[in-house]
Amino acid sequence: MRFFFDHDSNSFYIDVVNDSIPHTAIEITQQQHHDLYAAINAGCVIFDDLTYSAPRPSQFHEWDGQQWVHNVSSSDRYIIEQNQTVKNLLISEANEQIAVLQDIIDLDMRFSDEERQLKQWKKYRILLTRINANQTEINWPAKPE
């Protein structure tokens with residue numbers, strides 16, 4: 001059994017499995033196959049001499065031809081998307097709390113300090129709506145008790 005690696009497609013071939021092996025593929029040992037396969041799965045870049053880089057540090061790193069470089073704009077976009085998701089979830093939670101508390105008050109089914117709680121949740125919801133989620137660092141308001 002012979003093993004091959006094609007750097008152009010970052011693909012492996014085994015002669016008994018693959019009918020066609022690209023002419024650009026080079027023969028490698030079984031151990032190299034194992035090592036390179038593990039390196040690719042770990043996010044490494046395979047070089048022409050079959051050595052490889054360190055694993056990709058995060059989804060926000062890109063290979064610049066010599067090293068991994070943190071792509072700040074990609075990272076920031078991700079954080080902003082997450083902030084918007086969190087903001088929406090917190091507003092939804094506040095809406096649910098407000099609806100239940102308002103029902104309790106409207107139906108005169110008060111048990112304790114629901115009016116105070118309603119006011120706190122409404123203030124919290126307003127604070128949430130004022131947050132600009134298009135930034136990477138947000139000081140979220142404290143959730144009412």
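Five salt bridges are counted in this predicted model, where a salt bridge is a side-chain nitrogen of Lys or Arg within 4 Å of a carboxyl oxygen of Asp or Glu. Because the model is predicted, local features need pLDDT of at least 70 and side-chain atom pairs count only at pLDDT 80 or more, while totals for chains, interfaces and linings use all residues. Residues are numbered from 1 along each chain as its sequence is written, and side-chain values use heavy atoms, with hydrogens and water left out.

**Salt bridges and their surroundings**

- Asp108, Arg110 and Glu115 are joined in a network of salt bridges.
- Another salt bridge brings together the side chains of Arg116 and Asp113, with 2.4 Å from N to O.
- Arg116 is partly exposed at 42% relative accessibility, and Asp113 is partly exposed at 29%.

**Helix H1**

- Helix H1 covers residues 30–41, which makes 12 residues; helices (H or I, at least four residues) and strands (E, at least two) are DSSP runs, numbered from the N terminus.
- From its first C-alpha to its last, H1 reaches 17 Å, close to the 16 Å expected at 1.5 Å a residue, where the expected span is 1.5 Å times one less than the number of residues.
- His33, Leu36 and Ala39 are buried in H1, and they lie on the same side of the helix because they cover an arc of only 135° around the axis, the arc being that of the directions from the helix axis to the C-beta atoms.
- An α-helix has 3.6 residues a turn, so residues three or four places apart point the same way.
- On the other side of H1, Gln30, His34 and Asn41 are exposed.

**What H1 meets and what follows**

- The buried residues of H1 pack against strand S1 (3–6), strand S2 (11–14) and strand S3 (26–28), with contact meaning heavy atoms within 4.5 Å.
- After H1 comes Gly43, which has a positive phi, near 90°.

Technical notes. Buried means under 20% relative accessible area, exposed over 50%, partly exposed in between (1.4 Å probe, protein chains only).
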